[in-house]
Amino acid sequence: MFPHERSLVERLKDKPFNLIGVNSDKEKDTYFAGIKEHNISWRSFWNGPKGTSGPISTQWNVSGWPTLYVVDHKGVIRHKWLGNPGDEKLDEAIDALVAEAEKEVRKDVKKGD
Amino acid sequence: MTRSVLAALLLAAVVPAQAADASAPKLAEYDTLVADWTAAQKANADAMKALMATPEYKAAVEAKDNKKLNELRNTITRPDAKAFGTRAIELADQYKGDASIRVLAYAAANFAGNKDTAKAIAERVEKDHLKSAKLSDLLENAMGLHRGLGDEDGNKLLEAVIAGSPHALPKAWAKYWQAKVLTNQASTALRQAQPKRDATDEEKEKAKEGVAKAKQDMALATEKADALYAEAAKLAEGTEHSARIGAPIFEKQRLQVGMEAPDIVAEDVDGVAFKLSDYRGKVVMIDYWGFW
């Protein structure tokens with residue numbers, strides 16, 4: 001999944017989009033070695049030393065990895081997937097929401113005039 | 001998809017390895033058991049890592065040659081969980097009370113995939129520990145134990161806890177696992193009722209009735225499970241496990257498509273505090289992930 005996420009982040013770098021991880025490695029060293037190896041640039045919360053039993057994934061009732069949520073620009077959950085939904089589905093969902101977010105921004109700019 | 005499957009495989013091995021409770025009294029033989037198992041797990045993980053770095057393994061990954069991959073993986077000897085389980089049970093029989101339960105809890109979390117070990121744990125719980133408050137430590141990781149026992153005996157144990165425990169938390173865990181088992185069973189049945197991807201039209205038509213029935217059963221199981229989760233959450237209120245036991249209800253009430261996402265306030269991996277809501281105005285994909 002990393003290669004596709006990397007290209008997603010690269011492709012949308014000037015768009016209203018962020019990929020935020022909740023890294024659930026027990027050891028931060030595992031994380032630091034991994035991001036170097038896989039050239040990963042996005043920010044991640046750390047789920048703490050209990051790894052997959054950490055507080056964030058516990059509260060969100062995460063039962064499998066990866067679990068993905070997509071939240072729109074208003075903070076509303078629009079998609080959730082247990083497991084990778086596939087590149088195409090992911091791109092389609094995110095592109096549609098990014099377009100929504102941009103439309104909103106343009107409306108605001110107009111209002112500002 | 002490979003990543004999720006691999007993660008699931010690794011998690012099965014990694015997650016249940018619980019660290020010993022530092023506040024509890026010292027039990028030398030138990031500590032040795034934990035140290036030995038931890039070392040065995042680590043040796044296995046290291047061997048797996050080394051294997052994954054070999055050109056032969058990488059070539060098999062590249063070629064998606066699953067047969068070869070399995071062959072290669074099978075060259076690595078797994079730690080003998082059955083032998084460790086037997087050792088843990090013997091130790092639990094030497095100890096008494098809370099000390100005994102502590103060993104059983106460790107065995108339940110790490111070695112209960114073995115039928116005989118699971119059975120030995122359940123027998124001791126029902127005979128000696130039903131009234132113990134510490135039973136919650138064992139039940140916290142009861143899914144492996146349930147699998148080892150099978151549905152019938154697993155549920156018998158959970159029922160015994162609900163009927164016999166004078167404490168809220170063990171009962172909460174028992175209801176929590178009952179709920180989880182119900183929905184797991186129903187979703188497995190639903191998956192099995194679905195026609196295969198390459199099914200003929202006739203086979204698909206035939207499967208329809210079974211799928212409809214399985215969906216109905218799933219809805220019923222979900223309803224029952226929700227009621228159990230609610231009871232469990234109430235029992236666990238104010239305890240250190242309230243977040244985990246309450247999580248299924250939290251997900252249902254706060255984490256559905258169309259709902260405003262609850263904020264996450266925590267630190268990033270570099271130790272800098274931030275909030276999910278800092279990114280309001282942008283589309284955010286939240287990825288629960290790890291390298292494992």
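Guide: This is a predicted model. Start at H129(B), which touches G97(B), S100(B), I101(B), L104(B), R124(B) and L135(B), leaving aside residues up to four places away in sequence. H129(B) lies in helix α7 (residues 115–129) of chain B.

Visitor: Why is H129(B) called buried?

Guide: Buried means under 20% relative accessible area. H129(B) has 5% relative accessibility, so H129(B) counts as buried.

Visitor: What makes the link between H129(B) and S100(B) a polar contact?

Guide: The cut-off for a pair of N or O atoms is within 3.5 Å. The side chains of H129(B) and S100(B) are joined at 3.4 Å, so the pair qualifies.

Visitor: How do you know that β3 (residues 67–71) of chain A pairs with β3 (residues 283–289) of chain B?

Guide: Pairing needs at least two bridges. These two strands have 5, so they pair, and they run antiparallel. V70(A) stands opposite M285(B). Y69(A) has I286(B) as its bridge partner.

Visitor: What makes β1 (residues 17–23) of chain A a partner of β3(B)?

Guide: The threshold is again at least two bridges. β1(A) and β3(B) share 7, so they pair, here in the parallel sense. L19(A) stands opposite M285(B).

Visitor: Which strands make up the open sheet, and in what order?

Guide: Its 5 strands run β2(A)-β1(A)-β3(B)-β3(A)-β4(A), with mixed pairing.

Visitor: What makes β2 (43–46) and β4 (77–82) of chain A edge strands?

Guide: Each pairs on one side only. Neighbouring strands in this sheet are turned by 20 degrees against each other on average, direction ignored.

Visitor: What makes β3(B) mostly covered?

Guide: Of its 7 residues, 7 are buried. One side carries V283(B), M285(B), D287(B) and W289(B), and the other V284(B), I286(B) and Y288(B).

Visitor: Where does helix α13 (residues 242–254) of chain B bend?

Guide: At P248(B), by about 45 degrees. P248(B) is one of the buried residues of α13(B), which also include I245(B) and F250(B). The buried residues of α13(B) pack against α3 (55–59), β3 and β4 of chain A, and against α11 (168–193) and α12 (201–236) of chain B.

Visitor: Which residues have the most contacts inside the largest nonpolar core?

Guide: I121(B), L138(B) and L145(B), in a core of 54 residues. Among the residues that L138(B) touches are L104(B), V125(B) and L145(B). A second, separate core has 24 residues, including F17(A), I35(A), V283(B) and F291(B).

Technical notes: Residues are numbered from 1 along each chain as its sequence is written. Chains are lettered from A and ligands numbered from 1 in the order in which they are written. This is a predicted model: local features need pLDDT of at least 70, side-chain atom pairs count only at pLDDT 80 or more; totals for chains, interfaces and linings use all residues. Side-chain values use heavy atoms; hydrogens and water are left out. Helices (H or I, at least four residues) and strands (E, at least two) are DSSP runs, numbered from the N terminus. Axes are lines fitted to C-alpha atoms, for helices over the stretch in contact, and angles run from 0 to 180 degrees between N-to-C directions. The bend at a residue is the angle between axes fitted to the seven residues ending there and the seven starting there. Buried means under 20% relative accessible area, exposed over 50%, partly exposed in between (1.4 Å probe, protein chains only). Contact means heavy atoms within 4.5 Å. A nonpolar core is a set of buried Ala, Val, Leu, Ile, Met, Phe, Trp, Tyr and Cys residues joined through side-chain atoms within 4.5 Å. A polar contact is a pair of N or O atoms within 3.5 Å; within protein, one must be able to donate a hydrogen and the other to accept it, and residues adjacent in sequence count only if both atoms are side-chain atoms.
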